Structures are given as C-alpha cells and as structure tokens.
Amino acid sequence: VLRLSFEQKEAPYAIHSREGGAIPVSGSMWVEPASGRIVQTEVTILTAKVIRGPRGRSMLRITSRFGAVPGLRVWVPLRMIEEYDLQARTDEKLKAQATYTNHRLFQTTTRIIGDAR
C-alpha cells in the first residue's frame with residue numbers, strides 16, 4: 001500500500017470549534033495503488049491553538065480500518081479507534097475502539113408520480 005499524508009496549514013479548514021474557530025488537522029491515508037481501495041485512514045487534531053490549558057496541548061487521533069466483507073463489492077469500515085490525550089486540562093488519556101460487524105446492503109427504488117409543478 002501507499003501512504004498519503006496531509007497537513008492543513010491555511011484556510012479553508014475542514015473542522016471548526018463550537019465557537020467557529022478553525023482547527024487545523026493532519027492525517028494519512030493508506031491506499032492500494034492497483035485498486036484504489038482505502039485500507040486505513042488516520043486523522044490527528046492537535047488542539048494547542050484551540051484549547052489552552054496549564055499543561056500544554058491536547059490531541060485527538062481517529063484511525064479507521066477498512067476491508068472486504070462477503071456479499072459487498074466495496075470495502076467497508078471494520079474498526080475505528082479514537083485516542084484522546086487531554087494534557088491541556090488533565091493528565092488523562094482515553095482510548096476507545098468500535099468494531100463493525102453484520103454489514104448489509106440496503107437498496108431502494110424511486111418513481112416520479114404526476115407533474116412536479
């Protein structure tokens with residue numbers, strides 16, 4: 001796989017605080033070159049500019065893993081890990097993991113009835 005990385009250094013930013021302040025993020029994406037499939041994504045937010053605390057900065061990292069499941073033609077999320085390092089306010093660290101199972105394909109159909117005027 002190839003690792004593609006990014007770092008936001010100037011506007012427009014993808015994420016904003018509740019107060020509307022811009023939050024720069026960085027991250028990586030692991031991609032299979034031949035198929036274009038995304039294997040993993042990782043987004044990191046350093047909150048030094050957003051949350052100022054007596055102990056420094058805080059960090060949030062979200063890592064998502066993707067893979068194949070029987071019956072689906074696209075890769076889907078299999079696991080997401082969130083890591084919080086809350087140094088700006090406390091010495092707490094938090095790590096949470098979500099594992100996705102029982103993936104299903106939902107389909108729908110539509111039809112237009114009458115004149116839309």
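I count two residues as in contact when heavy atoms lie within 4.5 Å. The model I am reading is a predicted one.

**Entry 1: Ser28**

I started with Ser28, which sits in strand 4. Leaving out residues up to four places away in sequence, I found that Ser28 touches Arg3, Leu4, Ser5 and Phe6 on one stretch of numbering, and Gln40, Thr41 and Glu42 on another. With a relative accessible area of 4%, Ser28 is buried. I then looked for a polar partner of the Ser28 side chain and found the side chain of Ser5, at 2.9 Å.

**Entry 2: Val25**

I stayed in strand 4, where Val25 is also found. Is Val25 buried or exposed? I read a relative accessibility of 6%, and because buried means under 20%, Val25 counts as buried. Setting aside neighbours within four places in sequence, I listed its contacts as Phe6, Glu7, Gln8, Ile15, Val43, Thr44 and Ile45. I also checked Val25 against Lys9: the C-alpha atoms are 8.4 Å apart, and the two residues are 16 apart in sequence.

**Entry 3: Thr44**

Thr44 came up in the Val25 list, so I looked it up next. Thr44 lies in strand 5 and is buried, at 10% relative accessibility. Beyond the residues up to four places away in sequence, Thr44 touches Val25 and Ser26, and also Met59, Leu60 and Arg61. With Arg61 there is a polar contact between side chains, at 3.3 Å.

**Entry 4: salt bridges**

Side chains of opposite charge can pair when their charged atoms come close. How many salt bridges does a search of the whole structure find? I noted three.

I took Glu42 and Arg61 as one of them; their side chains meet at 3.8 Å, N to O. Glu42 is in strand 5 (residues 38-46) and Arg61 in strand 6 (residues 59-67), so this pair ties together parts that are 19 residues apart in sequence. Glu42 is buried, with a relative accessible area of 18%, while Arg61 is partly exposed at 25%.

I then looked at Arg37, which forms a salt bridge with Glu32; the closest N and O atoms are 3.8 Å apart. I have Arg37 down as partly exposed, with a relative accessible area of 36%. Glu32 counts as partly exposed too, at 23%.

Asp85 forms a salt bridge with Lys93, and here the closest N and O atoms are 3.9 Å apart. Which of these two partners is buried, and which is exposed? I read 12% relative accessibility for Asp85, which counts as buried, and 66% for Lys93, which counts as exposed.

**Entry 5: strands 7 and 8**

I followed Asp85 and Lys93 into the strands there. Strand 7 covers residues 76-85 and runs antiparallel to strand 8, with seven bridges joining the two. Within this pairing, I found Met80 opposite Ala98 in strand 8. I checked the cover over strand 8 (residues 93-99) and found hardly any: of its seven residues, the count that are buried is zero.

**Entry 6: nonpolar surface patch**

Leu2, Leu4, Met29 and Ile38 make a nonpolar patch of about 320 Å². Met29 is found in strand 4 (residues 25-31). At 33% relative accessibility, Met29 counts as partly exposed. A patch residue needs over 30% relative accessible area, so Met29 passes that cut-off with its 33%.

**Entry 7: backbone checks**

Where is the cis peptide bond that I noted? The bond joins Ala11 and Pro12, and omega is about 5°. Pro12 lies in the loop between strand 1 (2-7) and strand 2 (15-16).

I also looked up Asn102, which has a positive phi of about 55° although it is not a glycine. Asn102 is placed in the segment after strand 8. At 55% relative accessibility, Asn102 counts as exposed.

Note on methods
Residues are numbered from 1 along each chain as its sequence is written. This is a predicted model: local features need pLDDT of at least 70, side-chain atom pairs count only at pLDDT 80 or more; totals for chains, interfaces and linings use all residues. Side-chain values use heavy atoms; hydrogens and water are left out. Patches are made of residues with over 30% relative accessible area and no salt bridge: like charges are joined within 9 Å, nonpolar side chains (Val, Leu, Ile, Met, Phe, Trp, Tyr) within 5 Å. Accessible areas come from the Shrake-Rupley method with a 1.4 Å probe; for residues, only the protein chains shown count as cover. A salt bridge is a side-chain nitrogen of Lys or Arg within 4 Å of a carboxyl oxygen of Asp or Glu. Helices (H or I, at least four residues) and strands (E, at least two) are DSSP runs, numbered from the N terminus. Buried means under 20% relative accessible area, exposed over 50%, partly exposed in between (1.4 Å probe, protein chains only). Two strands pair if DSSP finds at least two bridges between them. A polar contact is a pair of N or O atoms within 3.5 Å; within protein, one must be able to donate a hydrogen and the other to accept it, and residues adjacent in sequence count only if both atoms are side-chain atoms.
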